[in-house]
Amino acid sequence: QSRRNTRFRSNVYDKWIVFLQQKDGRKVYGVPETALSENGVEQSNNGAGHGLPSESGVEHLRDLVKSGVPEELRGEVWFSLSGARALRTANQGLYTSLQKRSLKNGELDNSILLEIEKDIHRTGLAQLASTLKSKHYSCVASEAEASEKLRNVLASFALHRPEVGYCQSTNFVVALLLVFMEEEDAFFTLDILATSVLRGYYTQDIEGLQVDLLAFADMVEECLPQIHEHISKLDAAVFALCLPWFVCAFAQTLP
């Protein structure tokens with residue numbers, strides 16, 4: 001059983017690598033180019049990735065997601081499929097500039113920096129760093145390094161998106177991202193999450209978050225009527241109970 005699970009995991013890992021290499025048009029962990037035409041994914045004529053999978057590639061991607069994303073590749077997969085890699089490519093030097101302006105040049109309001117500093121100590125980075133010492137793929141080596149990277153990303157984002165600034169809960173999202181990717185990649189992933197994938201979650205009116213929570217509450221009522229009835233008897237609201245799941249992008253729940 002153990003050997004069978006290992007073979008299955010290795011097969012999934014290899015397929016993810018092939019998909020990423022084809023999509024981004026670059027080598028990923030030394031996968032040979034002959035593998036690009038396999039697994040239902042088309043290769044572009046010039047050998048470079050074209051950013052989006054073909055129709056058959058979409059089906060293949062769906063199957064891959066159902067099989068799970070190997071821990072070692074989560075950073076690569078999230079960074080690529082979210083669109084953050086393309087965003088970083090189009091904005092070379094932006095993160096370095098924002099980091100300098102926000103933390104060294106004093107362009108970010110001190111009140112925001114104080115809020116960030118308070119939440120850094122509430123993120124549980126000591127436990128996170130301790131857990132990850134044995135993970136060879138981790139981008140976090142110590143609590144001090146994790147704190148510095150988290151501070152850099154949150155401050156840079158707050159300066160870059162003043163309409164959002166710093167929003168509590170993004171510290172947990174970024175902390176998880178930093179486990180699997182470097183800080184510049186985490187910054188662009190947060191940016192695309194806040195402005196596209198989770199649009200309206202971190203703005204003042206949190207309109208997008210409210211819509212998703214109410215939709216989820218309706219789904220619970222329709223698909224899980226017994227749970228909905230039980231929660232109603234307690235005079236509680238499904239959307240209120242599930243708020244931490246959504247606002248933290250499940251960073252404290254699923255992993």
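Tutor: Buried means under 20% relative accessible area, and partly exposed means between that and 50%. The model here is predicted.

Student: Why is Phe 246 called buried?

Tutor: Phe 246 has 12% relative accessibility; the cut-off is under 20%, so Phe 246 counts as buried.

Student: What makes Phe 250 partly exposed?

Tutor: The relative accessible area of Phe 250 is 27%.

Student: Why is the aromatic pair of Phe 246 and Phe 250 called tilted?

Tutor: Their planes stand 55 degrees apart, with 5.5 Å centre to centre.

Student: What makes the pair of Phe 216 and Trp 245 edge-to-face?

Tutor: The angle between the planes is 70 degrees, at 6.2 Å centre to centre. Over 60 degrees counts as edge-to-face. Phe 216 is in helix H11 and Trp 245 in helix H13, so this pair ties together parts 29 residues apart in sequence.

Student: How do you know that the buried residues of H13 are on the same side?

Tutor: Those residues are Val 238, Cys 242, Phe 246 and Val 247. They cover an arc of only 140 degrees around the axis, which puts them on the same side of H13. They pack against helices H9, H11 and H12.

Student: Why is Thr 189 counted as buried?

Tutor: Thr 189, in helix H10, has 2% relative accessibility, so it counts as buried. A polar atom of the Thr 189 side chain lies 2.8 Å from the backbone oxygen of Asp 185.

Conventions
Residues numbered from 1 in each chain as written. Predicted model: local features only at pLDDT ≥ 70, side-chain atom pairs only at ≥ 80, totals over all residues. Heavy atoms only, no water. Helix = DSSP H or I, 4+ residues; strand = E, 2+ residues; numbered from the N terminus. Buried < 20%, exposed > 50% of the residue type's maximum accessible area, 1.4 Å probe, protein only. Polar contact = N/O pair within 3.5 Å; in protein donor to acceptor, adjacent residues only side chain to side chain. Arc of directions from axis to C-beta. Contact = heavy atoms within 4.5 Å. Phe/Tyr/Trp six-rings, centres within 6.5 Å; stacked < 30°, edge-to-face > 60°.
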